[in-house]
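Work through the exercises below with the structure open beside you. Each task is followed by a solution in steps.

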Amino acid sequence: MSHKSDRLEHTAAGAIKPDGHFLTDYYAHVPTEDLRSYSPETLRARAEHHLKVASSRAPGQAAIGILNELDASIVAVVAEDMPYLVHSVTAELTREGASIRLLVHPIFQVLRDPDSHALLDVRPGPSREGLLEESIPSARGTPETWVAVEIGKLADEAAARELTEGLHRVLDDVRVAADDGTAIRGKVSEAVASVDGFPRAVFPPPEQLRELLLWFDDGNFLFLGYTEYELTTAGGREMLAERQGSALG
C-alpha cells in the first residue's frame, strides 16, 4: 500500500523516524509540567524506541521492548486497544516492585501491512473523550494503545526478560477477558432474567437480587471472568465442580 504518512518518515534503509507531528501526538495527553524535566533529545529518543517496538506486531499479540537509560528503564508496550490495558500494565509493574515515574499512553489509529504486519502509518486515534481527533475511516487502520512507563533502571537482562514475560502473561489474560466481555455481560442478563423464577421466600428477596445484578451491570463491577459450577458427589462428599466448556474470560 502506497499511502504516505505525514507523521512518519520511512528512510531508505526501512527504519521509521518520527516527525514533529508524531511527537506532538505521542505526548499530547501528558501534562506539560511532567515533561519539563526531560530534554527534547530524551523525549525524541523514547518515542523513536517506541516506534521501533511497534514496527511489527501480529494481530492478537503484544509487542514489548525495554530501553535502558543511565538511571531509568522505559518499558514500551504496543497492543490492540482493549479495556483494562493501561491499568493492567501498571498493576503488573507495581506488583514487580517497580516505581512508576512517568506514564505515556496514546491511542493511535495504525495501518499495518496485512502480510508482514509491518507498520505503515500512524495517526491520532480516539481521544480520551472517545472522539476521533481526525476523521479516519475504519478501513484505514485499527486502534492500538502504546504504553510507555518510566521506572527505575532494571538490574540486568535477566530482570528485563522476567518483566517482559510477566507483562505478556498479563496482556494475554486481558485479551481473553476483553474478547469474552460481551458473552460475560450476556450471562449477567441471563442471571437477571432467572431471578424472576425464584421463590418469594428466598433471602435476600428476588427483587433485591435483581437490583443488585442490575447495579453490577451498570458499570459498577468489573467482570473479568465467568464459570458455571455444578454440585456433585465424590467419595461420599458433596463438592462443586466446574461445568466443562462454561468458562469465559
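A residue counts as lining a pocket when it has an atom within 4 Å of one of the pocket's grid points. The model used here is predicted.

**Exercise 1.** Describe the lining of the second largest pocket by residue and by class.

Solution.
1. Ten residues line the second largest pocket.
2. Those nearest its centre are Asp81, Met82, Val86, Ile107 and Thr145.
3. Sorted by class, the lining has six nonpolar, two polar and two charged residues.
4. The volume of the second largest pocket is about 150 Å³.

**Exercise 2.** Find which elements contribute two or more residues to the lining of the largest pocket, and state its volume and composition.

Solution.
1. The largest pocket holds about 220 Å³ of space.
2. Its lining has 14 residues, with Arg57, Pro59, Arg112, Thr142 and Glu144 nearest the centre.
3. Two or more lining residues come from each of β6 (107–112) and β8 (142–152).
4. Strand β6 supplies the largest share, three residues.
5. The classes in this lining are five nonpolar, four polar and five charged.

**Exercise 3.** Is Tyr229 buried, partly exposed or exposed, and which surface patch does Tyr229 belong to?

Solution.
1. Locate Tyr229 in strand β9, which covers residues 229–234.
2. The relative accessible area of Tyr229 is 49%.
3. Exposed requires over 50% and buried under 20%, so Tyr229 is partly exposed.
4. On the surface, Tyr229 forms a nonpolar patch with Leu231 and Leu240.
5. Together these three residues have about 360 Å² of accessible area.

Note on methods. Residues are numbered from 1 along each chain as its sequence is written. This is a predicted model: local features need pLDDT of at least 70, side-chain atom pairs count only at pLDDT 80 or more; totals for chains, interfaces and linings use all residues. Side-chain values use heavy atoms; hydrogens and water are left out. Patches are made of residues with over 30% relative accessible area and no salt bridge: like charges are joined within 9 Å, nonpolar side chains (Val, Leu, Ile, Met, Phe, Trp, Tyr) within 5 Å. Accessible areas come from the Shrake-Rupley method with a 1.4 Å probe; for residues, only the protein chains shown count as cover. A salt bridge is a side-chain nitrogen of Lys or Arg within 4 Å of a carboxyl oxygen of Asp or Glu. Helices (H or I, at least four residues) and strands (E, at least two) are DSSP runs, numbered from the N terminus. Buried means under 20% relative accessible area, exposed over 50%, partly exposed in between (1.4 Å probe, protein chains only). On a 1 Å grid over the protein atoms alone, a cavity is a set of points where a 1.4 Å probe fits but cannot get out, and a pocket is an open set with protein on both sides within 12 Å along at least five of seven lines; lining residues have an atom within 4 Å of a point. Grid points are joined across faces, edges and corners, and a volume is the space filled by probe spheres set on the points. Ala, Val, Leu, Ile, Met, Phe, Trp, Tyr, Cys and Pro count as nonpolar, Asp, Glu, Lys and Arg as charged, and the others, Gly among them, as polar.
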